[in-house]
Amino acid sequence: MTRAALVAVVAGRIGTAGARRSRPAPPPSPPTAGRAAAPADGPTAGRTKRRKQVLLFLARACMAAVMTRPTSPSAFRVPRPDGRYGPGEGEALSLLLLGDSLAAGVGVRSCEETTGAQLATALVQATGRPVNLRVGARPGATTRSVRTQSYDATGPGLAVVIVGGNDVLLPVRLSRSARRLGALVTRLRRDGWSVAAVTCPDYAAATGVRPWIHTTATRRSRRLARLQQEAAQDAGAHVIPLSADIFRRNPADMFSEDGCHPSARGYAAQITHCLPAVLEALPVRPPH
């Protein structure tokens with residue numbers, strides 16, 4: 001019954017989103033100073049923008065249905081942490097971050113608190129090398145939509161993928177989601193990237209999930225994490241299981257206001273947990 005109710009809610013939201021998607025796209029806004037100009041291909045740019053809007057709308061709609069304290073719209077406006085970290089000289093490591101709201105850093109307010117900035121800073125401190133960070137992650141992304149996130153601009157290096165939380169709350173086959181993750185890892189490795197895949201978070205520790213869906217979300221998140229681990233390992237990724245223990249011990253500090261996304265302290269704890277495996281996944285530097 002809980003799954004049927006969830007399907008009904010999401011189906012209704014998808015119908016509304018589809019109606020919005022059929023509207024003509026607004027004209028592209030002029031580029032902001034200091035940023036690269038948008039591609040000149042108007043129809044393509046419009047479709048990409050609408051796709052992102054639909055993903056974000058679906059994520060908000062789904063969370064409103066299953067969360068006791070839905071994420072505020074302002075929390076989705078995550079600062080972009082792209083750029084160079086560490087010393088200005090030296091051979092830089094290209095770090096790519098793909099995935100959903102956890103990879104983007106929903107729940108924090110400053111650029112320095114985002115997942116990408118914290119991970120890049122930790123890598124600089126651990127290796128002494130500068131890091132060029134590119135974040136392609138978007139709030140609301142599913143395993144299916146992650147494949148549309150661009151990564152051409154940074155060049156080969158280390159790709160970290162964090163995805164799965166939205167798949168758990170949507171009526172999708174978890175086995176298919178895991179296969180899509182494996183296909184993404186395969187494509188990234190074929191393009192020269194070393195890959196670290198972070199498995200789906202365990203919903204058991206989430207304090208902001210409504211009781212009627214909590215048991216189902218917990219069961220599905222754990223199953224997806226197991227399937228992701230198998231698929232990503234088979235594709236050649238270093239797999240990093242997320243632990244719910246650090247969030248269970250002190251949920252008031254580890255979660256942001258919505259009780260589902262981590263706080264800045266929660267993201268920092270995740271980075272600390274993941275860092276040893278991320279260091280193992282670093283591409284081997286060629287001999288000089």
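Predicted model: local features only at pLDDT ≥ 70, side-chain atom pairs only at ≥ 80, totals over all residues.
In which sense do strand S4 and strand S5 pair, and over how many bridges? Select residues 158-162 (S4) and residues 194-198 (S5): the two pair in the parallel sense over five bridges. Strands pair here if DSSP finds at least two bridges between them. Strands (E, at least two residues) and helices (H or I, at least four) are DSSP runs, numbered from the N terminus.

Residues are numbered from 1 along each chain as its sequence is written, and side-chain values use heavy atoms, with hydrogens and water left out.

Next, show the whole sheet. Six strands form an open sheet of mixed pairing, in the order S1-S3-S2-S4-S5-S6. At its edges are S1 (83-85) and S6 (238-240), each pairing on one side only.

H7 lies across S2 (93-99), S4 and S5, and runs at about 170 degrees to S4. Such angles run from 0 to 180 degrees between N-to-C directions, with axes fitted to C-alpha atoms, for helices over the stretch in contact; contact means heavy atoms within 4.5 Å.

Finally, select H4 (residues 115-127) and H11 (residues 264-281). These helices pack at an angle of about 45 degrees, their axes 10 Å apart. In H4, the residues that meet H11 include Leu119 and Leu123; those of H11 include Ile271 and Leu275.
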